[in-house]
Amino acid sequence: MRGEPPAWAPGAAQAAALLEEAADLLVLHRDFAAAVERCEAGCDSLGPGPGPGPGPGPESFAEVKCSLCVVGIQALAEMNRWREVLSWVLQYYHVPEHLPPKVLELCILLYSKVREPQVMLEVGSSWLRACANQSLPEFGALLELYLEQVLLPLGRFEGAEELVRGCATLDSERQLAFLGTVRESRRRWAQREETRSAAEEQQDPATETVLGVLSQKLLTMLTLLRRAMRSMSNHFYLLPYKKMLLATFLLYLVVVRLDPASPTSLPFIYKLVQLFRQAWAAVLSPIHRPPIRD
């Protein structure tokens, strides 16, 4: 009997069975909610258990727990519940430093994919700074992933350099390679900022030019309207002048096709409203209603 493999503990055997069910529900039946339920039941059956690391067999306690979390992460992502992923895995590992490398990798990739890399800032930093994790074979790949997907896209260049220099397990060659990546990313970031600033500076004169053309057209229209109102004031003195001008102004906006959703249209509309108010005052000032005869 000594040559037989050790029997699985009841909790571990149940967790392994639930892992198989969850994988089938995820891949074959695409029942993502049920897959998450199986993963949660499997993790609960394992209890606190040992931390991440190699176990006494090919499907160790830690490997089963990690696999349950991997399936659960994928199922939550399929249901567009990615916001819950980090808190969901931390309820089983409690602190970021205890996350298995595979789980951390999936979390970084997921939140980078949905353009929320800042969610992984503290979690990734805590995991990478833990001395126990720096001796893992996956450490170098996870450091590179964290730099490329989290720190550098967020412009955290100083933090990236500090993190790389603080990793004592990195050899000098790899450390220099990482620092070179950070410097190159900083250079590209600075170039993008300069290009953006130059584009904004070029846009302002163009905006003023277009506004000037539109303002001139509006002034021409209001001048013609003013002349017409003067000639017809004796016949239409009871008409609401302000409503007529407002209708003309709105018609003008439709004609020039200003897009309210465009940011560049906002200064146009604001300045044209001011111009309209001035024109309205100028139109009404010389117009006097004739006395009403009994």
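## Ground rules

A residue is called buried when its relative accessible area is under 20%, exposed when that area is over 50%, and partly exposed in between, using a 1.4 Å probe and protein chains only.

What you're looking at is a predicted model, where local features need pLDDT of at least 70, side-chain atom pairs count only at pLDDT 80 or more, and totals for chains, interfaces and linings use all residues. Residues are numbered from 1 along each chain as its sequence is written, and side-chain values use heavy atoms, with hydrogens and water left out.

## The overall picture

The protein chain has twelve helices and zero strands. Here helices are DSSP runs of H or I with at least four residues, strands are E runs of at least two, and both are numbered from the N terminus. Of the 294 residues in the protein chain, 35% are buried.

Contact, from here on, means heavy atoms within 4.5 Å. Take the contacts in the protein chain between residues at least 6 apart in sequence: 64% of them join residues at least 24 apart.

## The nonpolar core

In soluble globular proteins, nonpolar side chains tend to be buried together. A nonpolar core here is a set of buried Ala, Val, Leu, Ile, Met, Phe, Trp, Tyr and Cys residues joined through side-chain atoms within 4.5 Å. Which residues of the largest core touch the most other members? They are Val89, Val103, Met120 and Leu143, out of 60 residues in that core. Helix H3 (residues 61–78) gives the largest share, nine residues.

Leaving aside neighbours within four places in sequence, Met120 is in contact with Leu86, Leu104, Cys107, Ile108, Tyr111, Ser125, Tyr146 and Val150.

## Helix H6 and its cover

Helix H6 runs over residues 121–129, and its buried residues are Leu121, Val123, Gly124, Ser125, Trp127 and Leu128. What covers these buried residues? The cover includes helix H4 (85–93), helix H5 (101–113), H7, H8 and H9.

A polar atom of the Asn133 side chain lies 3.0 Å from the backbone oxygen of Trp127. Not counting residues up to four places away in sequence, Asn133 touches Glu97, Trp127 and Phe139.

Is Gln134 buried or exposed? It counts as buried, because its relative accessibility is 11%. Setting aside neighbours within four places in sequence, its contacts are Leu128, Arg129, Phe139, Gly166, Cys167, Ala168 and Thr169.

## How H8 meets H9

The axes of helix H8 (residues 139–151) and helix H9 (residues 157–165) come within 11 Å and cross at roughly 170°. That crossing makes H8 roughly antiparallel to H9. On the H8 side the contact is made by Leu143, Tyr146, Leu147 and Leu151, and on the H9 side by Gly159, Ala160, Leu163 and Val164. These residues split into seven nonpolar, one polar and no charged.

A few terms behind that: axes are lines fitted to C-alpha atoms, for helices over the stretch in contact, and angles run from 0 to 180 degrees between N-to-C directions. Angles under 35 degrees count as roughly parallel, over 145 as roughly antiparallel, 65 to 115 as roughly perpendicular, and the rest as oblique. Ala, Val, Leu, Ile, Met, Phe, Trp, Tyr, Cys and Pro count as nonpolar, Asp, Glu, Lys and Arg as charged, and the others, Gly among them, as polar.

Asn80 lies in the loop between H3 and H4, and its phi is near 60°, a positive value in a residue other than glycine. Asn80 is exposed, with a relative accessible area of 54%. His94, in the loop between H4 and H5, has a positive phi near 70° and is exposed at 59% relative accessible area.

Over in helix H1 (residues 10–27) you'll find Ala23, which is partly exposed at 27% relative accessible area. Not counting residues up to four places away in sequence, Ala23 touches Leu28 and Val71. The C-alpha atoms of Ala23 and Arg38 are separated by 9.2 Å, with the two residues 15 residues apart along the chain.

Methods
Polar contact = N/O pair within 3.5 Å; in protein donor to acceptor, adjacent residues only side chain to side chain.
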